[in-house]
Amino acid sequence: MINIKYFGIAKEIVGNDVAFIESSTISVADLRQRMNEQYKAFKQIKGYMVAVNQEYAIDSQIINADDEVAIIPPVSGG
Amino acid sequence: MERNRYIRHTLLDQIGENGQKKLSAAHIVLIGCGGLGSIAAPYLAGAGVGKITLVDADKPHVSNLHRQVFFDVSSMTQTKSQALADHIKILNPTIEVIVKEQMASKKNIEEIIKGATVVLECTDNIQTKYLVNDYCHIHNIPLVYGAIYKYDGYVSLFANVGKESIHLRDIFGTPNEDIPTCSEVGVMGTLAGLIGLMQANEAIKYITDAGQVLIDQLLTYNILDNTQMKLKLKKSYKNDISAIYQVSSYQSKSMCDITEITLEELQSERSKYDLISILEDYEHKDIDNNVKHVPLSTIHPEELVEDLEGPTVFYCMTGKRSIGLVRMIREIDSSVEVYSLKNGLKKL
């Protein structure tokens, strides 16, 4: 089980602040793909940042169970 | 009286006389005087930043006043940059304030940023955020980034000491124009104030060497549950920013920008565009011998978007039908480069 926290518009797309995915390990690239498939509106936040344990995670990074994952969409307001 | 102006600062071990001198010698360029910038500016002026340049061509609107609290109903005819300058000059007459009633663009960015110790990027325009980021990175100018969405805010400081310095493109590689803006979805007034103040705070700390600044870190703040995260950033953007800068126009492709081009503009760069006549069969006329003809009555915009191969100009008799079509296409996908020929065939 991997715990994912959503920010900004990602929260609205998913409909929740926090959601789990049933998986013990997954790469960041696969997580992105899974999100894009599950939520069509994720296309709107393309280029979002994935953080694992409060650090920027590149696509090849492997996420393990109990890691703290955050999805941070781009924002333009000012 | 002036002797005591900064006494609450100079008493602090993290600022002191030395830090105050550094603030006095600093020049901060503040790009965008709206939700973030109009809050940051008075605090920077109060703190004694010696020179402040305010950049904005917009005028305050009554819908701005729930968060841009240093404007009022009497300042609606002035630009935000001028109204804010008037306010901070009275707040601190000892500092120099420069007003630039302009929107930052590739044309004026060099002139706007010239001589800056630190830049605060406070606009609500995604393209401007990348323009300022790229320019500051290339020219080694420290930049404080701020952005807000409804209840969430981001802050970071890009020190730009060299090519390895982390910047906006290491967080979000390319401008994403699909994210709704504050004017579309709303924003908590207090969030704009908090993030604008955090930007001012980072700039003051950076200049005075106080505490730890948000270099290589992105601070996220949610005002509904008060969660804060300090995310450690990594160098992830591999492209050469100077090359990107050369080819970028930093102009929004969205609906609010250019939807029409004139016959002269079309003809001067004819090879750049595909040209489609949307006139019906009975009225169709070619502009030149490289026109595709797709009558409007047969067009399904969703399918048409899929078929476009490059920047495309549509024309009709007066430019009315073609602009309607262009708006529909951009509604479907704002990044598609489609234009309407202004005044259609009337000018021919």
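How many salt bridges are counted between chain B and chain A? In this predicted model, the count is three salt bridges. One of the salt bridges between the chains pairs E12(A) with K150(B), with the closest N and O atoms 3.0 Å apart.

On the side of chain B that touches chain A, at least two residues each are supplied by α6 (126-138), β5 (143-149), β6, α7 (168-171), β7 (217-222) and β8 (228-232). The largest share, five residues, comes from β5(B). By residue class, this side of chain B comprises 17 nonpolar, ten polar and ten charged residues.

The contact involves 37 residues from chain B and 28 residues from chain A. The area buried between the two chains is about 2,800 Å², and carbon and sulfur atoms give 58% of this area. Of the area that chain B buries against chain A, 20% is supplied by I179(B), M229(B) and K234(B), more than by any other three residues.

Within strand β6 of chain B (residues 152-158) lies D152(B). This residue counts as buried because its relative accessibility is 4%, under the 20% cut-off. Beyond its sequence neighbours up to four places away, D152(B) touches F7(A), G8(A) and K11(A) of chain A, together with A147(B), L191(B), Y221(B) and N222(B) of chain B. The side chains of D152(B) and N222(B) are joined by a polar contact of 3.1 Å.

L348(B) is located in the segment after β13 (338-341) of chain B. Residues up to four places away in sequence aside, L348(B) touches L263(B) and I287(B). The C-alpha atoms of L348(B) and V155(B) lie 52 Å apart in space, with a sequence separation of 193 residues.

Methods:
Residues numbered from 1 in each chain as written. Chains lettered and ligands numbered in written order. Predicted model: local features only at pLDDT ≥ 70, side-chain atom pairs only at ≥ 80, totals over all residues. Heavy atoms only, no water. Helix = DSSP H or I, 4+ residues; strand = E, 2+ residues; numbered from the N terminus. Buried < 20%, exposed > 50% of the residue type's maximum accessible area, 1.4 Å probe, protein only. Polar contact = N/O pair within 3.5 Å; in protein donor to acceptor, adjacent residues only side chain to side chain. Contact = heavy atoms within 4.5 Å. Buried area = accessible area lost by both parts, 1.4 Å probe. Salt bridge = Lys/Arg side-chain N within 4 Å of Asp/Glu carboxyl O. Nonpolar A, V, L, I, M, F, W, Y, C, P; charged D, E, K, R; others polar.
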